[in-house]
Amino acid sequence: MVICNKQHRLIESLALVPTDSSGMSQNKCPGCAYESGYRSGLQMDVSLNLPFQNLPNCQHATTQSKDIFAAFAQGYFDGVNDFHQQKTA
Ligand SMILES: [Zn+2]
Ligand SMILES: [Zn+2]
């Protein structure tokens, strides 16, 4: 079983992401889900794919048990936002 050992600096970004009350996130890393969504947003991907099977398990006390689906969506949203900021900067 793969465990995430990345130093995600995403605490603020994940602040609005709800806690996973369904258990569907299966303790996978919301930080990695966020980053995956963010990359897609920055590229304005028209087809989204949450790499559920490839997400490592989470050992970060601060983001553990966050909903990875919402984290992915938040990442996508932030990525699209940053895409526009780059355009207008
Ligand atoms: Zn991670
Ligand atoms: Zn994690």
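Predicted model: local features only at pLDDT ≥ 70, side-chain atom pairs only at ≥ 80, totals over all residues.
Two residues are taken to be in contact if their C-beta atoms, placed from the backbone, lie within 7 Å. Residues are numbered from 1 along each chain as its sequence is written, while chains are lettered from A and ligands numbered from 1 in the order in which they are written.

With that contact rule, Ala33 touches Lys28, Leu50, Leu55, Ile68, Ala71, Phe72 and Gly75, once its neighbours within four places in sequence are left aside. Ala33 also turns up in the largest nonpolar core, a set of 15 residues in which Ala33, Tyr34, Ala71 and Phe72 touch the most other members. Such a core is a set of buried Ala, Val, Leu, Ile, Met, Phe, Trp, Tyr and Cys residues joined through C-beta atoms within 7 Å. Buried here stands for 20 or more other C-beta atoms within 10 Å of a residue's own, exposed for 12 or fewer, and partly exposed for anything in between. At least two residues of the core come from each of helix H1 (30–42) and helix H2 (68–88), and H2 gives the most, with 5 residues. Helices are DSSP runs (H or I, at least four residues), numbered from the N terminus. In soluble globular proteins, nonpolar side chains tend to be buried together.

Ile68, Ala70, Ala71, Phe72, Gln74, Gly75, Tyr76 and Gly79 are the buried residues of H2, and H1 is among the elements covering them.

How do the two helices cross? The axes of H1 and H2 come within 6 Å and cross at roughly 35°, with axes fitted to C-alpha atoms over the stretch in contact and angles running from 0 to 180 degrees between N-to-C directions. The residues of this contact split into 13 nonpolar, 7 polar and 4 charged; Ala, Val, Leu, Ile, Met, Phe, Trp, Tyr, Cys and Pro count as nonpolar, Asp, Glu, Lys and Arg as charged, and the others, Gly among them, as polar.

The loop between H1 and H2 holds Met44, a non-glycine residue with a positive phi of about 50°. Met44 counts as exposed because it has 11 C-beta neighbours inside 10 Å. Ser65 lies in the loop between H1 and H2, and its phi is positive too, near 75°. With 15 other C-beta atoms within 10 Å, Ser65 is partly exposed.
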